Amino acid sequence: MSLVLCCRDAMTRLTEGSEGALAGAEGATFALHLTICARCKAYRTQLETTVGVLRAMPREESETEDVEAILRLLGDTDAEPRG
Amino acid sequence: MGAADREQEGALVGRILAGDAAALRLLIEREHATLLRFARAITRDDDLAQEVVQDAWIRIHRSLATFEKRSSLRTWMARIVINRAKTLTVRAARWVPFAEEAEAHEDAVDPACFTPRGFWRESPSRWHAETPERLLDRQQVTAAIQAEIAELPTAQRAVLTLRDLEGWDSQEVCNALEISESNQRVLLHRGRSRVRAGLAKVMP
C-alpha cells in the first residue's frame, strides 16, 4: 500500500480498517486518510449508520407453532426405526 | 461467544442428551428463528428454507452426541443447515460456493463516484444524526433495508445476516461458512455497502 491512499482504495478497505484488520503501515495510512478526508468521513458515517440500523432491526422470534411442529417431528422420527 | 456462554451451551447439550424435553424445547425456541432466517439467506426460497431447517433439526437431534465442542453449538448447527441446503440446491444446480463469490470482483462503491485518480467527485451527503431506532420507525427505511437484503448475492446475505442481524462474531461466521477472515470481511463490506446505497435513496 502506498503512503498516499486515494478515497476509492480507502473506501474499499473501510470494513477491514474499522475492524482493526489493517496492521502496521497499512493501518497507519488508512487511519491518516480517514482523519484528513472529510468526504471519506461522511461516507464512513453513512456506513456506520447503516450498520447501526441493521443491528437495531427487530430479531425474529421462533413462532410457538413452529417450535411445536419441530418437537412433533423429532418425536415422530425418534419413533421410526433407524437404518 | 465467551467461555461462560460455551459452558451454558455444554450444559444444555448434556441435558438434551440425558432426555430432558424442556432443554430440547429451549434450544429450538432459542435457535429456530435464526436457523430459518439463515436458511432463507442461503436458499433464497421460503419453502425450501423451511424444508432445509426441518431436515436440519432431525439431523441435529440425531447427531447431538457427536457435537465435539470444537466450535460453538450454533456454528455447528449452521453447518448442518448449510449441508442440507447444499444437498437440496445442488440438485437444482443453484449452489455457488461462498468463497467463490468473495473472490469475484465487485466495487463496494460505484466507480462513477470517483475521479480517475480515485478521489471523490462530490462529497457523500451528510446524513442527519438520528438514532437507528428512530430511523427504523420510518416505514420506508425498514422497507428499503429489507428490499436490499433480499437482493444481496447469497454469500453477502449469509454473512450480513449472521454478523449484523444475528450479532455473531466474525470467527463464528468464518467457521460456519468455512471462509477465510479476509473473504468474510470482503463479503460483509460489499453487503453493507449495497444496503447503504438502498438506504441512501430514502434518507432525508
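Guide: Helices (H or I, at least four residues) and strands (E, at least two) are DSSP runs, numbered from the N terminus. This is a predicted model, in which local features need pLDDT of at least 70, side-chain atom pairs count only at pLDDT 80 or more, and totals for chains, interfaces and linings use all residues. Residues are numbered from 1 along each chain as its sequence is written, chains are lettered from A in the order in which they are written, and side-chain values use heavy atoms, with hydrogens and water left out.

Visitor: How many helices and strands are there in chain B?

Guide: Chain B has 10 helices and zero strands. Its C-alpha atoms fill a box of roughly 65 × 40 × 35 Å along the principal axes.

Visitor: Which residues of helix 3 of chain A are buried?

Guide: They are A:G27, A:T29, A:F30, A:H33 and A:L34, where buried means under 20% relative accessible area, exposed over 50% and partly exposed in between (1.4 Å probe, protein chains only). These residues lie on the same side of helix 3 of chain A because they cover an arc of only 165 degrees around the axis, taken from the directions from the helix axis to the C-beta atoms.

Visitor: And what is exposed on the other side?

Guide: A:G24, A:A25, A:T35 and A:I36 are exposed there.

Visitor: New topic: at what angle do helix 4 of chain A and helix 10 of chain B pack?

Guide: The angle is about 95 degrees, with the axes 9 Å apart; axes are lines fitted to C-alpha atoms, for helices over the stretch in contact (heavy atoms within 4.5 Å), and angles run from 0 to 180 degrees between N-to-C directions.
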